[in-house]
Amino acid sequence: MSLHYVEDGPSDGVPVVLSGSIGSDHRMWDPQVKPLAERGFRVIRPDHPGHGKSPVPPGPCSVADVAESLLGLFDELGVAKAHLVGLSLGGMAGMWLGAHRPDRIASLTLCCTSAKLGPPERWAERAATVLAEGTGAIADAAVGRWLTPSCAAENPGTVAALRAMVVGTSAAGYAACCAAIEHMDLVGDLPRIGVPTLVISGAEDPATPPEHGELIADGIPGARFEIVEGAAHLGSYEQHERFTALILDRVGA
Ligand SMILES: O=C(O)CC1=CCC(=O)O1
């Protein structure tokens, strides 16, 4: 599958691929673009299968499918190796790539993610809800996990923009990616990840709380672990200055 993507920064720069959460598109990484591009990085922001402007997959996806769609984009763009920054579903694809295709990954920054995110029935139920009622049915709850309550209360415009991103995701695309998370278990892959890795959790993330990040960092040889205060699930958006500083450090800026 060919993914839709947006590219910024110099085309001959070191590639950094930013891969986001279920229900988001490339715009969730807007705060990171300028800091990376002005330091000379080639910033590539794909939309997940069935998200943003990427084509909708024919049926349920696996995390391997999501990861391989990223590899397909690497090939299409002539990227031999990239720094991969993945949040949530993007981080799951990143872990898969770090374990199965470390030759294509210069480093991993795994944000607000999990190696196993049960219970599986919850993901099957969410897929059934969006297929029956559309992504509007889960949008308020999704954005409620993305931002801390105080940030949401103070920034109604941001809430509305993020909600529109969820609602703009096709129901079939969202459901296909729910299946990827439902069946995912990357815990056994963690010790195989042989690339430099930074794991970042949001202290107030209700979806993938810090213990999930800690488990990942404990499982990956040599991984560093950071917890960012005042961040829920979309920590790279709400606490973008701290997340961006950590990302810049990991990619060697
Ligand atoms: O919407 C959620 O529950 C948060 C989330 C888990 C995986 C992902 O990509 O987003």
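**Close-up views of a predicted model**

**View 1. The largest pocket.** The largest pocket holds about 150 Å³ of space, in a model that is predicted. Its lining is made of 18 residues, and those nearest the centre of the pocket are Trp123, Arg126, Arg145, Ala207 and His233. Sorted by class, the lining residues of the largest pocket are eleven nonpolar, four polar and three charged.

**View 2. Residues around the ligand.** Which residues are around the ligand? They are Ser21, Ile22, Ser88, Leu89, Met92, Leu117, Trp123, Arg126, Arg145, Ile181, Ala207 and His233. Trp123, Arg126, Arg145, Ala207 and His233, listed here around the ligand, are also the residues nearest the centre of the largest pocket.

View 3. The side chain of Ser88 has a polar atom 2.7 Å from an oxygen atom of the ligand. In Ser21, an N or O atom of the side chain is 3.1 Å from a ligand oxygen atom. Leu89 takes part through its backbone, with a polar backbone atom 3.1 Å from an oxygen atom of the ligand. The ligand taken alone exposes 290 Å², and the protein buries 99% of that area.

**View 4. The backbone at Ser88.** Ser88 is placed in the loop between strand S4 (82–87) and helix H3. What is the phi of Ser88? The angle is near 60°, a positive value in a residue other than glycine. Most residues other than glycine have a negative phi. The side chain of Ser88 is the one with a polar atom 2.7 Å from a ligand oxygen atom.

View 5. The bond from Gly118 to Pro119 is cis, and its omega is near -5°. Most peptide bonds are trans. Pro119 is found in the loop between strand S5 (105–111) and helix H4.

**View 6. The largest cavity.** One cavity of 30 Å³ or more is counted. The largest cavity has about 60 Å³ of space. It is lined by 13 residues, with Ser19, Gly20, Pro46, Asp47 and His48 closest to its centre. Five residues of this lining are nonpolar, six are polar and two are charged.

View 7. An unreviewed UniProt entry gives the annotation "domain: AB hydrolase-1" for residues 15–237. Over residues 15–237 the chain is 46% helix and 15% strand. The end C-alpha atoms of this stretch are 21 Å apart.

Definitions and conventions
Residues are numbered from 1 along each chain as its sequence is written. This is a predicted model: local features need pLDDT of at least 70, side-chain atom pairs count only at pLDDT 80 or more; totals for chains, interfaces and linings use all residues. Side-chain values use heavy atoms; hydrogens and water are left out. On a 1 Å grid over the protein atoms alone, a cavity is a set of points where a 1.4 Å probe fits but cannot get out, and a pocket is an open set with protein on both sides within 12 Å along at least five of seven lines; lining residues have an atom within 4 Å of a point. Grid points are joined across faces, edges and corners, and a volume is the space filled by probe spheres set on the points. Ala, Val, Leu, Ile, Met, Phe, Trp, Tyr, Cys and Pro count as nonpolar, Asp, Glu, Lys and Arg as charged, and the others, Gly among them, as polar. UniProt positions are given in the numbering used here, feature names are shortened, and annotations may be inferred rather than shown by experiment. Helices (H or I, at least four residues) and strands (E, at least two) are DSSP runs, numbered from the N terminus. A residue is near a molecule or strand if one of its heavy atoms lies within 4 Å of it. A polar contact is a pair of N or O atoms within 3.5 Å; within protein, one must be able to donate a hydrogen and the other to accept it, and residues adjacent in sequence count only if both atoms are side-chain atoms. Accessible areas come from the Shrake-Rupley method with a 1.4 Å probe; for residues, only the protein chains shown count as cover.
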